[in-house]
Amino acid sequence: MAPHRKVLVSGFASTIICSLAAAWVPFWSGRAVHALEQRQWAWSRRDLVWMLGFTIVAGVGRYLMRNTLIGLSRAVEKRQREEIYDVLLAMPFAFYEQSRIGDLMSRIGDDVNTVRMATGPGLMSLLQTVTLLPMTVALMVHASPRLALAVLMPFSMLAAGFYLIGRWSHRLQQRLQIVTSQLNTFSHETISGERVVQAFGLEALRVKAFEDLSRTQARMNIAQTVLFGAYAPLSALTAGVAALVLVAYGGGLVLHKVLTLGDLTAFTGYLAALAWPIMSMGWSANLFQRGQAGQERIDVVLHPTERPLPPPGAPVAQPAGAAALEARGITHRFGTGRGLGPLDLSLPAGARLAVVGGIGSGKTILLQVLAGLRTIQGGTLTLDGLPLDEAALRRHWAGLGWVPQEAFLFSDSLRENLAMGRPEATEEELWEVARVVCLDDLIERLPQGLDTVVGERGVALSGGERQRTALARALLRKPRLMLLDDALSAVDAQTESRILENLRTFLDGVTLVLATHRVFVAELCERVLVLEDGQPAQLGTPQELSERPGHYARIKRLQSLEREILGA
Ligand SMILES: Nc1ncnc2c1ncn2[C@@H]1O[C@H](COP(=O)(O)OP(=O)(O)OP(=O)(O)O)[C@@H](O)[C@H]1O
Ligand SMILES: [Mg+2]
């Protein structure tokens with residue numbers, strides 16, 4: 001807040017100056033009229049000059065106030081967005097499994113906006129009210145306590161009305177923000193799953209569900225508008241009643257010579273000056289309610305239950321040599337009881353391990369644990385003999401090549417996607433990894449070559465092309481630990497064999513763990529681990545396991561048969 005303090009102080013100062021000056025304008029107009037009534041031309045002229053002076057000061061003050069306070073709210077908005085973004089980037093895997101993207105987007109968008117409206121226009125009008133109101137009321141009481149009391153009576157009723165409306169509006173706003181985020185989540189899922197929606201003919205259903213959500217949101221927005229809409233007419237009604245009281249009662253006082261005509265004129269000015277601050281009281285109360293509801297939702301993101309990852313700090317150099325991992329009794333189980341472990345695993349530097357097993361046997365979870373992306377719930381995991389704790393994570397990631405089961409590309413060029421993990425890579429190095437994953441042919445055929453943009457999440461590439469791009473990206477980092485999660489599943493058998501052959505030399509000396517359903521991929525490794533329900537069922541060389549009865553021998557027989565038939 002320190003950098004904003006100066007701005008805030010000057011905003012406050014200009015608001016006070018603006019309000020004080022504005023409150024004195026009617027006073028001087030009253031004085032001028034009074035002087036006129038007394039036929040004191042010179043006095044009247046002098047009063048008018050004062051009035052002009054205060055008007056100018058009020059105008060300049062208002063200009064400065066707007067600039068500083070609205071500018072401040074924009075700065076707060078920017079900082080808040082950055083804070084949320086930083087938290088999101090530091091969140092572990094588990095956080096994203098429980099969050100929905102549409103909801104997060106609505107917090108970073110709509111909710112931050114409601115906070116900005118509260119800290120900018122809301123705070124500004126509140127400040128104006130609290131400075132202008134007492135000053136004007138003091139001047140009114142000074143002129144005529146009786147008339148001031150009579151004129152201000154309707155306003156106190158208005159304040160009570162505003163309080164009630166504000167409470168309803170706050171409750172409604174909280175519900176509205178939840179519905180808005182549901183709507184965001186739903187549309188985000190529908191749009192990103194558009195192809196599935198079309199292929200399954202789900203359009204009508206999705207449209208109907210969208211309409212329902214959208215109707216609920218519209219209904220709440222309308223209710224909010226109805227509530228919000230009551231502020232202005234209520235204020236106008238109150239101002240009207242106050243004006244009536246002023247003319248009827250104040251006029252009587254003038255006739256009875258208790259009040260001067262000048263005072264009555266000044267009162268008219270005071271009422272006009274009060275109309276906006278009082279009207280805006282309701283408006284700013286509404287903004288504060290919205291802002292509060294928004295801030296509550298933002299706080300949930302800013303203070304997540306998951307522990308954030310340690311901040312990146314300075315770039316960490318890749319440790320020398322291949323990684324050595326040692327797991328003792330590690331577990332990572334979900335609420336359903338599914339997952340991984342307990343499991344012991346020894347991976348000396350340069351070891352190559354293939355992890356096989358049925359669908360849902362825990363291969364992906366094991367690789368994510370070894371990647372340091374998931375924390376273990378039990379057991380110990382060491383990297384190069386030291387515990388793989390939070391402090392060691394950045395060092396671990398500096399030497400990690402991880403190819404997830406679902407290849408994720410950014411909507412950038414092929415070059416950007418490949419060089420992501422090593423921006424300093426040379427053209428020659430890019431082509432080298434492209435050759436390893438047999439992607440060079442494709443790149444040569446593309447009119448824009450490496451500069452071809454791959455579309456959002458890489459939609460412009462085929463599944464196999466996306467996978468190989470993700471593999472090349474990891475290879476380019478020249479990691480000391482390579483984790484391949486079924487990274488060639490979408491590649492045809494012939495290309496697969498060529499890539500495996502290339503990997504054999506390219507990954508020489510690198511510690512490698514690969515999860516796969518294919519025995520021919522597993523044969524790249526000297527050891528195979530068979531998982532069953534997250535636990536080790538078999539461990540041995542591919543040769544040993546193919547001779548022992550079990551999952552590995554079974555799939556080997558099946559896949560050899562398949563190759564023979566296809567080859568024949
Ligand atoms: N985020 C999660 N929440 C709850 N359960 C999960 C989660 N991720 C995985 N699981 C469960 O953990 C088990 C192991 O999942 P995992 O993804 O490791 O399987 P896998 O061996 O990689 O399967 P596949 O061959 O299909 O890739 C599965 O039963 C899965 O349902
Ligand atoms: Mg998997």
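Where is the place of Ala323? Ala323 sits in the loop between α8 (261-302) and β1 (325-333). The model is predicted.

**Ala323**

Ala323 counts as buried because 24 C-beta neighbours lie inside 10 Å, and 20 or more are needed for that class. Leaving aside residues up to four places away in sequence, Ala323 touches Ala349, Leu383, Asp384, Gly399, Arg480, Leu481 and Thr511.

Four strands form an open sheet in the order β2-β1-β4-β5. The pairing is antiparallel. At the edges lie β2 (339-347) and β5 (386-387), and each pairs on one side only. Two bridges join β4 (residues 378-383) to β5, in the antiparallel sense. Thr382 has Pro387 in β5 as its bridge partner.

| Strand | Residues |
|---|---|
| β1 | 325-333 |
| β2 | 339-347 |
| β4 | 378-383 |
| β5 | 386-387 |

**Ligand 1**

How many residues surround ligand 1? There are 15, and the closest are Phe334, Arg338, Gly360, Lys363 and Thr364. Helix α9 (residues 363-370) gives the most to this shell, with three residues. By class, the shell around ligand 1 divides into three nonpolar, eight polar and four charged residues.

Conventions:
Residues are numbered from 1 along each chain as its sequence is written. Chains are lettered from A and ligands numbered from 1 in the order in which they are written. This is a predicted model: local features need pLDDT of at least 70, side-chain atom pairs count only at pLDDT 80 or more; totals for chains, interfaces and linings use all residues. Two strands pair if DSSP finds at least two bridges between them. A residue is near a molecule or strand if its C-beta atom, placed from the backbone, lies within 6 Å of it. Ala, Val, Leu, Ile, Met, Phe, Trp, Tyr, Cys and Pro count as nonpolar, Asp, Glu, Lys and Arg as charged, and the others, Gly among them, as polar. A residue is buried if 20 or more other C-beta atoms lie within 10 Å of its own, exposed if 12 or fewer, and partly exposed in between; C-beta atoms are placed from the backbone. Two residues are in contact if their C-beta atoms, placed from the backbone, lie within 7 Å.
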